[in-house]
Amino acid sequence: MVLATHTKPATTDFGAAVALSCRECGTRYDLGPDFACIECFGPLEVAYEFGPVSREQIEAGPTSVWRYRALLPVPADVADKPNLAPGWTKLVRADRLAAELGLRSLHIKDDSGNPTHSFKDRVVAIAVEAARNFGFHTLSCSSTGNLAGAVTAAAARAGLDACVFIPADLEQAKVVMGSVYGGRLVGIEGTYDEVNRFCSELIGDPLGDKWGFVNVNLRPYYAEGSKTLAYEIAEQLGWRLPEQIVIPIASGSQLTKIDKGFAELIKLGLVEDRPYKVIGAQAAGCAPVATAFRAGHDVIKPVKPDTIAKSLAIGNPADAPYVLDIVRRTGGVVEDVTDDQIVDAIRLLARTEGIFAETAGGVTVGVLTKLAREGRLDPEAETVVLNTGDGLKTLDAVAAHARPSAVIRPSLDAFRATVAE
Ligand SMILES: *Cc1c(COP(=O)(O)O)cnc(C)c1O
Ligand SMILES: [Zn+2]
């Protein structure tokens, strides 16, 4: 085992996690704030030695991601610490949308119900525990929008400082949410990929080398948070894996960790092993993974994003090769939808199920709709589609289509006149 180069505080507790392991060459490292293999530069991920875990034990836990603490790199008493306890969001049966698309069984996993209204609270919750373990007092990140709010809110609750970085041209709601919880929010004149590169530089500088960047030096821990989506979906289906699942792709981390979560449930005997298809969803204005999938390539060509789905606008997604592997191995696809199709899908979901999704949800529901209408989905399969954020975060996307049908004087005559029109 290679020794970590960082000094850890005396008491660290990562639960059943025992090491970091290189995804490419398998070299193992001590659990530390490290993210890349010294041997081959491959990404590091958390490795475990799980004890026995039962359905009953999980079901008796809190109604948050902490019910799965035995499967995460966190201490056993994590639920007692000050944190936002995200997760255990609704899995909504979507019969009306299913009927519209000709599908037999459809559920929406609605992560807009998290504390800062996106899926990012899950990953940040795990990163905060890692930051505590490593003795970091400042949390940081490069963000496409949702992460900035999730980090500053979690830092506020945990009593940590925060300094987060976003592209300067984000939606107003995301700027406000990145700022209102305190800490420092810095807008960078550039794309997300440029913000991310800037953060990699900052981490090597005395200004930032003592900070916990949730998606850089804490990334192996952060990424584990996405597994909770897999656990929750399986438990909420009655301890069963879905047969088809539609997942949005930004960096691709969420998709790869949902697959890891399903694999762990099978290995631990918590669900029956049955085949599932992983379907990746991107916006056409930032679709490097969908493009590589269609071309039969194993690696992507970076793009410059231009889409209303800003939370997914990563032009050079780090986990793309693993996403392509998983999608091909499971018999799924990666598909993309235009901005107009994203808006149509947001409106379709809202009018059929009463769920108002952010543009990322428009991307997944849009891809679901496109595949269903083109006959490329199994209509009989148990299908789950993710909504990863709240529509209130991206109001501008639909504002032109969602206006009062009339503005009138408060009189019955005036109303009668508009009804007659
Ligand atoms: C960050 C994010 C995702 C997924 O991101 P990955 O980098 O692929 O893990 C999906 N939806 C929303 C709304 C997000 O903010
Ligand atoms: Zn390696």
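Predicted model: local features only at pLDDT ≥ 70, side-chain atom pairs only at ≥ 80, totals over all residues.

Is Trp239 buried or exposed, judged by its relative accessibility?

A: Trp239 counts as buried, because its relative accessibility is 8% and the cut-off for buried is under 20%. Trp239 sits in a loop. That loop runs between helix 8 (227-236) and strand 10 (244-248).

Now the backbone. Most residues other than glycine have a negative phi. Trp239 has a positive phi of about 55°, although it is not a glycine.

Ala85 also has a positive phi, near 40°, and is likewise a residue other than glycine. Its loop lies between helix 1 (55-59) and strand 4 (90-93). Ala85 is partly exposed, with a relative accessible area of 33%.

Four strands make up an open sheet, in the order 8-7-6-9. Their pairing is parallel. Strand 8 (184-188) and strand 9 (212-213) are the edge strands, and each pairs on one side only.

Strand 7 (residues 161-167) and strand 8 run parallel and are joined by five bridges. Val164 has Leu185 in strand 8 as its bridge partner.

Two helices meet these strands. Helix 4 (residues 146-158) lies across strand 6 (138-142), strand 7 and strand 8. Helix 4 runs at about 175° to strand 7. Helix 6 (residues 192-203) packs on the sheet and touches strand 6, strand 7, strand 8 and strand 9. The direction of helix 6 makes about 145° with that of strand 7.

Key. Residues numbered from 1 in each chain as written. Chains lettered and ligands numbered in written order. Heavy atoms only, no water. Buried < 20%, exposed > 50% of the residue type's maximum accessible area, 1.4 Å probe, protein only. Pairing = 2+ DSSP bridges. Contact = heavy atoms within 4.5 Å. Axes fitted to C-alpha atoms, helices over the stretch in contact; angles between N-to-C directions.
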